[in-house]
Amino acid sequence: MTTHYMTISWDQLHRDARILCERLSHKQFKGIVAVTRGGMVPAAIIARELECRLIETVSIVSYDEEEQGELKIIKQPTVAGDGEGFLIVDDLVDSGITAKAIRKLLPKAHFVCLYAKPAGKPCTDDFIMEVQQDTWILFPWDSAPAFAPPLVKNKN
(Lines give C-alpha, C1' and ligand atoms only; values in the text may rest on other atoms or scores of the structure.)
Protein backbone atom coordinates (compact mmCIF):
# COMPACT_ATOMS: atom_id res chain seq x y z
CA MET A 1 0.00 0.00 0.00
CA THR A 2 1.32 3.42 -0.93
CA THR A 3 1.95 5.63 2.06
CA HIS A 4 3.70 8.65 0.50
CA TYR A 5 2.98 10.87 -2.48
CA MET A 6 5.49 12.91 -4.47
CA THR A 7 4.33 15.54 -6.95
CA ILE A 8 6.43 16.15 -10.06
CA SER A 9 5.86 19.47 -11.82
CA TRP A 10 6.15 20.04 -15.56
CA ASP A 11 9.31 22.08 -14.91
CA GLN A 12 10.94 19.35 -12.84
CA LEU A 13 10.03 16.65 -15.37
CA HIS A 14 11.51 18.69 -18.22
CA ARG A 15 14.64 19.47 -16.23
CA ASP A 16 15.13 15.81 -15.27
CA ALA A 17 14.62 14.66 -18.88
CA ARG A 18 17.26 17.15 -20.08
CA ILE A 19 19.72 15.96 -17.43
CA LEU A 20 19.19 12.42 -18.68
CA CYS A 21 19.83 13.67 -22.24
CA GLU A 22 23.16 15.12 -21.18
CA ARG A 23 24.18 11.66 -19.97
CA LEU A 24 23.04 10.09 -23.23
CA SER A 25 24.42 12.71 -25.61
CA HIS A 26 27.63 10.77 -26.32
CA LYS A 27 25.63 7.82 -27.73
CA GLN A 28 23.96 7.46 -31.12
CA PHE A 29 20.51 5.88 -31.24
CA LYS A 30 18.60 4.70 -34.31
CA GLY A 31 15.36 5.43 -32.53
CA ILE A 32 13.42 5.65 -29.31
CA VAL A 33 10.83 3.27 -27.91
CA ALA A 34 8.44 5.14 -25.63
CA VAL A 35 6.67 3.04 -23.01
CA THR A 36 3.05 4.11 -23.10
CA ARG A 37 1.69 6.03 -21.55
CA GLY A 38 4.06 7.38 -18.92
CA GLY A 39 7.15 7.30 -21.12
CA MET A 40 5.63 9.31 -23.96
CA VAL A 41 6.26 12.80 -22.56
CA PRO A 42 9.84 12.09 -21.44
CA ALA A 43 10.46 10.36 -24.79
CA ALA A 44 9.28 13.45 -26.69
CA ILE A 45 11.66 15.67 -24.72
CA ILE A 46 14.54 13.24 -25.17
CA ALA A 47 13.81 12.83 -28.89
CA ARG A 48 13.99 16.59 -29.33
CA GLU A 49 17.19 17.01 -27.34
CA LEU A 50 18.95 14.09 -29.05
CA GLU A 51 17.50 15.02 -32.47
CA CYS A 52 15.99 11.59 -32.87
CA ARG A 53 13.10 11.32 -35.36
CA LEU A 54 12.25 7.60 -35.25
CA ILE A 55 9.84 7.03 -32.38
CA GLU A 56 8.21 3.65 -31.69
CA THR A 57 5.96 2.66 -28.80
CA VAL A 58 5.41 -0.38 -26.67
CA SER A 59 2.05 -0.46 -24.93
CA ILE A 60 1.82 -2.39 -21.71
CA VAL A 61 -1.00 -2.33 -19.20
CA SER A 62 -0.28 -3.35 -15.63
CA TYR A 63 -1.90 -0.72 -13.39
CA ASP A 64 -5.49 0.16 -12.62
CA GLU A 65 -5.20 3.42 -10.69
CA GLU A 66 -2.72 2.55 -7.90
CA GLU A 67 -3.16 -1.24 -8.04
CA GLN A 68 -0.81 -3.38 -10.09
CA GLY A 69 -2.49 -6.23 -11.87
CA GLU A 70 -1.75 -8.70 -14.64
CA LEU A 71 0.72 -7.50 -17.27
CA LYS A 72 -0.70 -7.27 -20.82
CA ILE A 73 1.30 -6.22 -23.89
CA ILE A 74 -1.25 -4.54 -26.14
CA LYS A 75 1.18 -3.17 -28.77
CA GLN A 76 4.55 -4.62 -29.72
CA PRO A 77 7.48 -2.34 -30.70
CA THR A 78 7.95 -4.07 -34.07
CA VAL A 79 10.08 -1.36 -35.71
CA ALA A 80 12.73 -1.76 -33.01
CA GLY A 81 13.49 -5.42 -33.79
CA ASP A 82 15.61 -6.81 -30.95
CA GLY A 83 16.31 -3.29 -29.68
CA GLU A 84 19.81 -2.88 -31.06
CA GLY A 85 20.51 0.84 -31.39
CA PHE A 86 17.27 1.82 -29.69
CA LEU A 87 16.65 3.76 -26.49
CA ILE A 88 13.70 2.66 -24.34
CA VAL A 89 12.22 5.55 -22.35
CA ASP A 90 9.80 5.32 -19.43
CA ASP A 91 8.81 7.74 -16.71
CA LEU A 92 9.34 5.35 -13.80
CA VAL A 93 10.55 1.86 -13.02
CA ASP A 94 8.59 0.62 -10.00
CA SER A 95 8.56 -3.12 -9.27
CA GLY A 96 10.48 -3.92 -12.46
CA ILE A 97 7.74 -6.17 -13.85
CA THR A 98 7.07 -3.95 -16.89
CA ALA A 99 10.78 -3.28 -17.45
CA LYS A 100 11.58 -7.01 -17.39
CA ALA A 101 8.87 -7.70 -19.98
CA ILE A 102 10.24 -4.94 -22.22
CA ARG A 103 13.80 -6.22 -21.77
CA LYS A 104 12.65 -9.62 -23.06
CA LEU A 105 11.14 -7.95 -26.13
CA LEU A 106 14.15 -5.67 -26.75
CA PRO A 107 17.18 -7.33 -25.15
CA LYS A 108 19.74 -5.17 -27.00
CA ALA A 109 18.14 -1.80 -26.24
CA HIS A 110 19.36 0.78 -23.73
CA PHE A 111 16.67 1.30 -21.03
CA VAL A 112 16.30 4.63 -19.21
CA CYS A 113 13.70 6.27 -17.04
CA LEU A 114 13.46 9.46 -15.04
CA TYR A 115 12.65 7.92 -11.66
CA ALA A 116 13.40 4.52 -10.12
CA LYS A 117 12.26 2.65 -7.06
CA PRO A 118 14.62 0.17 -5.35
CA ALA A 119 12.83 -2.95 -6.63
CA GLY A 120 13.00 -1.79 -10.25
CA LYS A 121 16.36 -0.03 -10.21
CA PRO A 122 18.36 -3.08 -11.43
CA CYS A 123 16.15 -3.22 -14.57
CA THR A 124 17.24 0.15 -15.92
CA ASP A 125 20.52 1.31 -17.43
CA ASP A 126 20.15 4.87 -16.16
CA PHE A 127 17.74 7.09 -14.23
CA ILE A 128 17.76 10.50 -12.59
CA MET A 129 16.23 10.11 -9.13
CA GLU A 130 15.56 7.20 -6.79
CA VAL A 131 12.35 7.32 -4.77
CA GLN A 132 11.18 5.11 -1.92
CA GLN A 133 9.30 1.97 -2.84
CA ASP A 134 6.20 3.11 -0.93
CA THR A 135 5.98 6.44 -2.78
CA TRP A 136 3.37 7.08 -5.46
CA ILE A 137 4.56 9.69 -7.95
CA LEU A 138 1.95 12.17 -9.13
CA PHE A 139 3.01 13.12 -12.65
CA PRO A 140 1.84 16.42 -14.13
CA TRP A 141 -0.40 14.69 -16.69
CA ASP A 142 -2.21 12.87 -13.85
CA SER A 143 -3.20 15.93 -11.89
CA ALA A 144 -4.69 19.35 -12.42
CA PRO A 145 -4.34 22.58 -10.51
CA ALA A 146 -7.26 23.36 -8.26
CA PHE A 147 -8.25 26.27 -6.09
CA ALA A 148 -6.98 26.09 -2.50
CA PRO A 149 -8.58 28.46 0.01
CA PRO A 150 -6.24 30.54 2.18
CA LEU A 151 -5.02 28.63 5.23
CA VAL A 152 -6.66 31.04 7.67
CA LYS A 153 -10.06 30.18 6.20
CA ASN A 154 -9.52 26.50 7.07
CA LYS A 155 -9.16 27.20 10.80
CA ASN A 156 -12.17 26.40 12.92
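Q: Is I137 buried or exposed, and what is its relative accessible area?
A: In this predicted model, I137 is buried, with a relative accessible area of 4%. The cut-off for buried is under 20%.

Q: Which strand does I137 lie in?
A: Strand β8, which covers residues 135-138.

Q: And what does I137 touch, leaving out residues up to four places away in sequence?
A: M6, I8, L92, Y115 and V131.

Q: Where does UniProt place the feature "binding site"?
A: The unreviewed UniProt entry puts that feature at D94 and I137.

Q: OK, D94 then. Where is its place?
A: D94 sits in the loop between β5 (86-93) and α3 (97-105).

Q: Buried or exposed?
A: D94 is buried, at a relative accessible area of 13%.

Q: What does the side chain of D94 make a polar contact with?
A: The side chain of K117, at 3.3 Å.

Q: Changing topic: which strand is S59 found in?
A: S59 belongs to strand β3, residues 55-64.

Q: What is the relative accessibility of S59?
A: S59 has 11% relative accessibility, so it counts as buried.

Q: Which side chain makes a polar contact with the side chain of S59?
A: That of T36, at 3.0 Å.

Q: Which residues does S59 touch, not counting those up to four places away in sequence?
A: T36 again, along with K72, I73, I74 and K75.

Notes: Residues numbered from 1 in each chain as written. Predicted model: local features only at pLDDT ≥ 70, side-chain atom pairs only at ≥ 80, totals over all residues. Heavy atoms only, no water. UniProt positions renumbered as here; feature names shortened; annotations may be inferred. Helix = DSSP H or I, 4+ residues; strand = E, 2+ residues; numbered from the N terminus. Buried < 20%, exposed > 50% of the residue type's maximum accessible area, 1.4 Å probe, protein only. Polar contact = N/O pair within 3.5 Å; in protein donor to acceptor, adjacent residues only side chain to side chain. Contact = heavy atoms within 4.5 Å.
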